[in-house]
Amino acid sequence: MVKALPDAVNDPAWLHGATAFTTVRTRLGAPLLWPAHLARLRHTCAFLGLPDPDPDLPPPAPHAWGLLRVTVTDSGTFASERSLTAGPRPEGGVTVRLTGVQVHPQLGAHKTGNYLPYRLAAREAAPCFEGWLLNAHGQLVDGSRTSPLLELDGQLVVPAGGLPSVTRAAFLRGTPHVSRPVHAHELARVTHAWVCGSGVGTVPVARIEGLGGGCPARDLNAQWPDTTEPAFVWPG
């Protein structure tokens, strides 16, 4: 029997994904990198025609590690928080898979409620730690829940075209790097790679799968960053 749609979800925010959000790591109640998260959130709200986000966060719970999601809709700014329990650190690095899923050509640079491509990439990549997404030109642009950072030809490279990762940008501050399009066929030459995000920090990649052709997978020397910064370490 068809059920009536609850009034609470009969709204463009939930029917069409007309929301902007960001996910902030917290450490002992302190929001990490909040100014950069707020700047990105403001940019997305302006793009979507949503109200400017409220910059005043509610007092975070004093979790050892936490994730604070800040969501903006036509009705205002909302926050939800949970404890961040990522499990044991993957000392040998993680496996990622290049999927066939593409980002939205207009929304790929924004974190919105229209999140289906990222869920599809995660499902296609399972049981790998992460699924990487392409654009219409066959270029790597983003991950399902993290952002890629590559070492190619001795140079740190940020693949262009995806979400401007707050964690990745902060990690790279003061470090020489370039941002450019990276075609999928270049991944066979990657010498090191990392995935960056609020939920995991900066994590080395040990294996890239799904490359196709004569090199369907590439094994890498996984190197954990030498850092104790709370925004970049594995939470735990």
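What follows goes through ring pairs, then charged contacts, then strands and one surface patch.

A: This is a predicted model, in which local features need pLDDT of at least 70 and side-chain atom pairs count only at pLDDT 80 or more, while totals for chains, interfaces and linings use all residues. Residues are numbered from 1 along each chain as its sequence is written, and side-chain values use heavy atoms, with hydrogens and water left out.

The structure contains five aromatic pairs. Here rings of Phe, Tyr and Trp (its six-membered ring) pair if their centres lie within 6.5 Å; planes under 30 degrees apart are stacked, over 60 edge-to-face, and the rest tilted. One of the pairs joins Phe 129 to Trp 234, with 6.4 Å centre to centre and 40° between the planes, and is tilted. Phe 129 belongs to the loop between α3 (116-125) and β6 (130-134), and Trp 234 to the segment after β14 (217-219), so this contact ties together parts that are 105 residues apart in sequence. Helices (H or I, at least four residues) and strands (E, at least two) are DSSP runs, numbered from the N terminus.

Is Trp 234 buried or exposed? Trp 234 has a relative accessible area of 9% and is buried; buried means under 20%, exposed over 50%, and partly exposed in between (1.4 Å probe, protein chains only). Trp 234 also pairs with Trp 224: the ring centres are 6.5 Å apart and the planes stand at 85°, so this pair is edge-to-face. Both Trp 224 and Trp 234 lie in the segment after β14, so the pair ties together parts that are ten residues apart in sequence. Trp 224 is buried too, with a relative accessible area of 19%. Elsewhere, ring pairs link Phe 21, Tyr 115 and Tyr 118 into a cluster.

A charge sits over a ring if NZ of Lys or CZ of Arg is within 6 Å of the ring centre and within 35 degrees of the ring normal. For Trp 224 the residue is Arg 89, at 4.0 Å from the ring centre. For Phe 129 it is Arg 145, at 4.1 Å from the ring centre.

Arg 89 forms one with Glu 91, and their closest N and O atoms are 2.9 Å apart. Arg 89 is partly exposed at a relative accessible area of 37%.

Another salt bridge joins Arg 207 and Glu 209, again with the closest N and O atoms 2.9 Å apart. Glu 209 is buried at 18%, whereas Arg 207 is partly exposed at 28%. Arg 207 and Glu 209 belong to a network of salt bridges together with Arg 97 and Asp 219.

In the salt bridge between Arg 189 and Asp 153, the closest N and O atoms are 2.8 Å apart. Arg 189 lies in the loop between β11 (182-183) and β12 (192-197), and Asp 153 in the loop between β8 (147-152) and β9 (155-159), so the pair ties together parts that are 36 residues apart in sequence. Asp 153 is exposed at 59%, while Arg 189 is partly exposed at 36%.

Asp 153 also belongs to a turn: β8 and β9 form a hairpin with two residues between them, and Asp 153 there has a positive phi of about 55°. Strands pair if DSSP finds at least two bridges between them. β8 is joined to β9 by three bridges, running antiparallel, with Glu 151 opposite Leu 156 in β9. β8 is also joined to β12, by five bridges and again antiparallel; here Pro 148 stands opposite Val 195 in β12. Five of the six residues of β8 are buried, leaving this strand mostly covered.

A further sheet is open and has four strands, in the antiparallel order β2-β1-β3-β4. Its edge strands, β2 (30-31) and β4 (76-83), each pair on one side only. Two bridges connect β1 (residues 20-27) with β2, and Thr 26 stands opposite Pro 31 in β2.

Conventions
A salt bridge is a side-chain nitrogen of Lys or Arg within 4 Å of a carboxyl oxygen of Asp or Glu.
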